[in-house]
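These notebook entries record what I looked up in one protein chain.

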Amino acid sequence: SVATKDADDEQYSLGADFKVTFEGEEVKAEKDEDVATILYSHRSKLYHFIKEDNYGDEVRTNYWKERGLGDIKIMQDKKTNTCRILMRQEKTLKPVLNCVLSEEVELAPNTSVKSWVFNCHDFSDGEVNLVQCAAKFKTQEIANEFRDALNNAKVLHAAAVAANASGDASEDASGDASGEG
């Protein structure tokens with residue numbers, strides 16, 4: 001068809017009607033706050049320790065690589081009450097740290113009083129990797145608040161894991177007693 005000009009709007013029409021069709025189900029994206037209670041949140045810079053890395057022809061060893069800048073959050077799941085640490089890159093919101101707060105997560109002092117080092121099983125990249133992280137804060141006071149919040153959350157997490165385990169055991173026992181097991 002020939003393009004026509006509408007004199008009022010100064011727009012062109014090609015004479016064809018296009019209809020947008022979408023087939024599929026609407027997926028509701030849940031925010032962190034929808035599924036978990038935020039126990040602690042503060043701006044931080046996160047680093048991962050790299051033991052060995054190839055960069056072109058150069059082999060680099062034993063260095064800290066910056067993973068991102070953003071809010072590091074200690075969160076408690078609303079259903080299971082388990083706790084985890086989540087940090088997203090500030091501008092892209094890509095997860096740079098996502099780990100369960102198990103008893104293996106132990107804070108150790110770093111060379112700076114404004115940062116803490118810890119090992120964790122991170123699954124921010126879609127697969128579980130044991131990584132050594134350092135979280136650096138603006139002041140020593142903020143770093144100490146993070147330490148206190150993390151230690152409190154570890155207690156909550158351990159209690160939730162114990163409660164969930166005993167709940168699973170009692171469900172198994174009641175299922176066996178009713179002949180369903």
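**Entry 1. Around S102**

I began with the contacts of S102, leaving out residues up to four places away in sequence, and found that S102 touches K154 and H157. The model is a predicted one, and I read every value below with that in mind. S102 is found in the loop between β6 and β7. Is S102 buried or exposed? S102 counts as buried, because its relative accessibility is 16% and the cut-off for buried is under 20%. I then looked up the spacing of S102 and K154: they are 52 residues apart in sequence, yet 6.8 Å apart in space, C-alpha to C-alpha.

H157 is buried, with a relative accessible area of 6%. Beyond its sequence neighbours up to four places away, H157 touches T82, C83, V100, L101 and S102.

**Entry 2. K154 and its salt bridge**

I followed K154 next. The side chains of K154 and E106 meet in a salt bridge, at 2.8 Å from N to O. K154 lies in helix α2 and E106 in the loop between β6 and β7, so this pair ties together parts that are 48 residues apart in sequence. K154 is buried, with a relative accessible area of 15%.

**Entry 3. The other salt bridges**

How many salt bridges does the count come to? The count comes to seven.

I looked up E90 and R43, whose side chains meet in a salt bridge at 2.7 Å, N to O. The pair links distant parts of the chain, with E90 in the loop between β5 and β6 and R43 in strand β3, 47 residues apart. Both partners are partly exposed: E90 has 34% relative accessibility, and R43 has a relative accessible area of 44%.

D148 forms a salt bridge with R147, with 3.1 Å between the closest N and O atoms. D148 counts as partly exposed at 38% relative accessibility, and R147 is partly exposed at 27%. I also noted that R67, K94 and D125 are linked in a network of salt bridges.

**Entry 4. The fold as a whole**

I then stepped back to the whole chain. There are two helices and nine strands, and along the sequence they follow the pattern β-β-α-β-β-β-β-β-β-β-α. Of the 181 residues, 27% count as buried. Among contacts between residues at least 6 apart in sequence, 50% join residues at least 24 apart. The chain exposes about 12700 Å², of which carbon and sulfur atoms supply 49%.

**Entry 5. The nonpolar core**

Which residues of the largest nonpolar core touch the most other members? Of its 26 residues, they are I72, I74, I85, L97, F118 and F146. The elements that give two or more residues to this core are β3, β4, β5, β6, β8, β9 and α2. The largest share, six residues, comes from α2.

Not counting residues up to four places away in sequence, F146 touches Y40, I72, I74, L107, W116 and F137.

In soluble globular proteins, nonpolar side chains tend to be buried together. V100 is found in strand β6 and is partly exposed, with a relative accessible area of 37%.

**Entry 6. Cysteines**

How many disulfides does the count come to? The count is zero. I looked up C99: its sulfur is 3.7 Å from the closest cysteine sulfur, in C120, which is too far for a bond, because the cut-off for a disulfide is 2.5 Å. C99 is buried, at 0% relative accessible area, and C120 is buried as well, at 3%.

**Entry 7. Positive phi angles**

N62 lies in strand β4 and has a phi near 50°, a positive value in a residue other than glycine. N62 counts as exposed, at 53% relative accessibility. N81 is found in the loop between β4 and β5, and its phi is positive too, about 65°. N81 is partly exposed, with a relative accessible area of 38%.

How values were computed:
Residues are numbered from 1 along each chain as its sequence is written. This is a predicted model: local features need pLDDT of at least 70, side-chain atom pairs count only at pLDDT 80 or more; totals for chains, interfaces and linings use all residues. Side-chain values use heavy atoms; hydrogens and water are left out. A nonpolar core is a set of buried Ala, Val, Leu, Ile, Met, Phe, Trp, Tyr and Cys residues joined through side-chain atoms within 4.5 Å. Buried means under 20% relative accessible area, exposed over 50%, partly exposed in between (1.4 Å probe, protein chains only). Helices (H or I, at least four residues) and strands (E, at least two) are DSSP runs, numbered from the N terminus. Contact means heavy atoms within 4.5 Å. Accessible areas come from the Shrake-Rupley method with a 1.4 Å probe; for residues, only the protein chains shown count as cover. A salt bridge is a side-chain nitrogen of Lys or Arg within 4 Å of a carboxyl oxygen of Asp or Glu.
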